[in-house]
Amino acid sequence: MEAFDVLGDPVRRRILELLADGEQTSGAITEVIQREFGISQPAVSLHLKVLRDNGFATVRAEGTRRLYAVDVRPLQEVDLWLDRFRQFWEQRLDALATELARGKRERRLKAEARSSTNDDTTTREKDKP
């Protein structure tokens with residue numbers, strides 16, 4: 001199975017999101033996935049198996065519990081593949097950053113102008129007899 005086949009499923013993506021926060025027990029993962037997706041425990045186990053079999057997750061036994069963790073290697077491969085497409089959104093993000101900075105600068109200049117106007121008015125009122 002290719003990485004995008006694995007990542008194409010919303011349940012598996014959600015499991016990876018949970019694992020990105022740190023190691024999780026299979027019970028904790030199952031609880032969240034059942035609540036959010038309404039699927040059975042065996043169905044969650046199958047998704048965990050797909051993630052394990054394709055290298056996206058590791059599992060270790062701790063007594064009777066199974067602890068899952070994300071394995072970043074396949075995600076790094078996905079990142080390398082996406083690298084050729086980054087130019088399409090990085091330019092837009094750079095343009096957005098420029099517009100945000102411009103808007104912030106304009107708001108600051110307007111606030112400074114209002115403050116200066118208020119200071120001049122206060123000074124003139126003090127100077128009145």
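Predicted model: local features only at pLDDT ≥ 70, side-chain atom pairs only at ≥ 80, totals over all residues.

User: Noted. Is Thr 25 buried or exposed?

Analyst: Thr 25 is buried, because its relative accessibility is 18% and the cut-off for buried is under 20%.

User: What does Thr 25 touch, leaving out residues up to four places away in sequence?

Analyst: Thr 25 touches Arg 65, Arg 66 and Leu 67. Leu 67 is also the residue that stands opposite Thr 25, in strand S3.

User: And Gln 24, what stands opposite that one?

Analyst: Tyr 68, again in S3. S1 and S3 run antiparallel, and two bridges join them. S3 covers residues 65–70.

User: Zoom out a bit. In what order do the strands of the sheet come?

Analyst: The order is S1-S3-S2. There are three strands, the sheet is open, and the pairing is antiparallel.

User: Which strands are at the edges?

Analyst: S1 and S2 are the edge strands. Each pairs on one side only. S2 spans 57–62.

User: How many bridges hold S2 and S3 together?

Analyst: Six bridges, in the antiparallel sense. Val 59 has Tyr 68 in S3 as its bridge partner. Ala 57 is partnered with Val 70 in S3.

User: What about the turn, how many residues lie between S2 and S3?

Analyst: Two residues lie between them, and the two strands form a hairpin. Gly 63 is in the turn, with a positive phi of about 65 degrees.

User: Which helix packs on the sheet?

Analyst: H2 does. H2 touches S1, S2 and S3. Its direction makes about 95 degrees with that of S3.

User: Staying with H2: at what angle do its axis and that of H4 cross?

Analyst: At roughly 70 degrees, and the two axes come within 10 Å. H2 is residues 10–20 and H4 is residues 41–53. That angle makes H2 roughly perpendicular to H4.

User: Which residues meet there?

Analyst: From H2, Val 11, Arg 12, Ile 15 and Leu 16. From H4, His 47, Leu 48, Val 50 and Leu 51. By class, that contact has six nonpolar residues, one polar and one charged.

User: New topic. How many aromatic pairs are in the whole structure?

Analyst: Two aromatic pairs turn up in a search of the whole structure. One is Phe 4 with Trp 81: the ring centres are 5.0 Å apart and the planes are at 65 degrees.

User: Why is that pair called edge-to-face?

Analyst: Because its planes are at 65 degrees, and planes over 60 degrees apart count as edge-to-face. The pair also links distant parts of the chain. Phe 4 is in helix H1, residues 3–7, and Trp 81 is in helix H5, 77 residues apart.

User: And what does Trp 81 do with Phe 85?

Analyst: Their ring centres are 4.9 Å apart and the planes are at 45 degrees, so that pair is tilted. Ring pairs link Phe 4, Trp 81 and Phe 85 into a cluster.

User: How accessible is Phe 4? And what about Trp 81 and Phe 85?

Analyst: Phe 4 is partly exposed, at 40% relative accessibility. Trp 81 is partly exposed too, at 41%. Phe 85 has a relative accessible area of 28% and is partly exposed as well.

User: Last one, Leu 75. Which helix is it in?

Analyst: H5, which covers residues 73–83. Leu 75 is partly exposed, with a relative accessible area of 30%.

User: What is Leu 75 in contact with, leaving aside neighbours within four places in sequence?

Analyst: Leu 7, Phe 56 and Val 70. As for Gly 55, it is 20 residues from Leu 75 in sequence and 9.4 Å away in space, C-alpha to C-alpha.

Terms used
Residues numbered from 1 in each chain as written. Heavy atoms only, no water. Helix = DSSP H or I, 4+ residues; strand = E, 2+ residues; numbered from the N terminus. Buried < 20%, exposed > 50% of the residue type's maximum accessible area, 1.4 Å probe, protein only. Contact = heavy atoms within 4.5 Å. Axes fitted to C-alpha atoms, helices over the stretch in contact; angles between N-to-C directions. Parallel < 35°, antiparallel > 145°, perpendicular 65-115°, else oblique. Nonpolar A, V, L, I, M, F, W, Y, C, P; charged D, E, K, R; others polar. Phe/Tyr/Trp six-rings, centres within 6.5 Å; stacked < 30°, edge-to-face > 60°. Pairing = 2+ DSSP bridges.
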